Amino acid sequence: MFQSRSEYDRGVNVFSPEGRIFQVEYAIEAIKLGSTAVGVQTKEGICLAVERRITSPLMIPTSIEKIVEIDDHIGCAMSGLIADSRILIDHARVEAQNHWFTFNEKMTVESVTQSVSNLALSFGEYDRKSMSRPFGVAILTAGVDENGESVLLHMDPSGTYLKYGAKAIGAGSEGAQATLEEQYHKSMTLDDGIKLCLNVLKQVMEEKISATNIEVGVCRKEGEKPGKFRLMEKDTIDGLLGAL
């Protein structure tokens, strides 16, 4: 007789008779409780936009970091358990700097994501050096490689990562992804991509969208600081929201 689901979901290394690892599936469900994050890749660069959940007027909004820089040409947005994401981000930063120091070249966006996915898979009950459970966070990694290619990758707790033209994660991901599928096209400019990200967040956020409760990061191929990932200033975001 097979054991019940409740008995199979206690172990992180045990497959059920149907070939499923329930703890990984539960970690993926945890991401749906996180704040919404949207990423768009265009021919001119990439854009990331994330909702900041401000639960108290006493909170300092700038202390909520949902978009971070991994290297000067790579940034990432996260949704889920932010404490878990810090472990993955620190690992990505070390890998990127080690690669630059060893080979005197910037690490590609995909290589950084692969190194993070390897860490995301190293969970188990018996190895004290690794996590005892899957990481409850999904990450959108975006940047512009040295060859000029703009890349957007999505990684989930299973360690699977895929390239996307546009991707949404978090609580409002289903509605956001449907909107992206309708409105995204490969020929759009980066400015159009930024507007699309903001429009999607505006539709799925419960609170009224403002420069205080969202965070936006961009990496342009050309123009000011080409190939450099940077976070947008509050005044710039205000101007973009006013034009929506």
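Predicted model: local features only at pLDDT ≥ 70, side-chain atom pairs only at ≥ 80, totals over all residues.

Visitor: What makes Cys-47 buried?

Guide: The relative accessible area of Cys-47 is 1%, and buried means under 20%.

Visitor: What makes Arg-20 and Glu-25 a salt bridge?

Guide: Their side chains meet at 2.9 Å, N to O. The cut-off is 4 Å, so the pair qualifies as a salt bridge. Arg-20 is partly exposed, at 33% relative accessible area, and Glu-25 is partly exposed too, at 26%.

Visitor: How do you know that Asp-71 and Lys-106 form a salt bridge?

Guide: Their closest N and O atoms are 3.9 Å apart, which is within 4 Å and therefore counts. This pair links distant parts of the chain, with Asp-71 in strand 3 and Lys-106 in the loop between helix 3 and helix 4, 35 residues apart.

Visitor: Is Asp-71 buried or exposed?

Guide: Buried, because its relative accessible area is 5% and the limit for that word is under 20%. Lys-106, at 23%, is partly exposed.

Visitor: Why does the pair of Arg-133 and Asp-84 tie together parts that are 49 residues apart in sequence?

Guide: Arg-133 lies in the loop between helix 4 and strand 5, while Asp-84 lies in helix 3. Their side chains meet in a salt bridge at 2.8 Å, N to O. Arg-133 is partly exposed, with 34% relative accessibility, whereas Asp-84 is buried at 5%. Elsewhere, salt bridges with shared partners join Asp-71, Asp-72, Lys-106 and Lys-228 into one network.

Visitor: How many salt bridges does a search of the whole structure find?

Guide: Eleven salt bridges turn up in that search.

Visitor: And the aromatic rings: why is the pair of Phe-22 and Tyr-26 called stacked?

Guide: Their ring centres are 6.4 Å apart and their planes meet at 25°. Rings pair if their centres lie within 6.5 Å, and planes under 30 degrees apart count as stacked. Both conditions hold, so this pair is stacked. A search of the whole structure finds one aromatic pair. Phe-22 and Tyr-26 both lie in helix 2, four residues apart, about one turn of the helix. Phe-22 is buried, at 3% relative accessible area, but Tyr-26 is partly exposed, at 31%.

Visitor: What lines the largest cavity?

Guide: The lining includes Ile-70, Cys-76, Leu-88, Val-112, Thr-113 and Met-155. Helix 3, helix 4 and strand 5 each supply at least two of the lining residues. By type, the lining divides into nine nonpolar residues, two polar and no charged.

Visitor: What is the volume of the largest cavity?

Guide: About 60 Å³. The search of the whole structure finds one cavity of 30 Å³ or more.

Key. Residues numbered from 1 in each chain as written. Heavy atoms only, no water. 1 Å grid on protein atoms, 1.4 Å probe; cavity = no way out; pocket = protein on both sides within 12 Å on 5 of 7 lines; lining within 4 Å. Points joined across faces, edges and corners; volume = space filled by probe spheres on them. Nonpolar A, V, L, I, M, F, W, Y, C, P; charged D, E, K, R; others polar. Buried < 20%, exposed > 50% of the residue type's maximum accessible area, 1.4 Å probe, protein only. Phe/Tyr/Trp six-rings, centres within 6.5 Å; stacked < 30°, edge-to-face > 60°.
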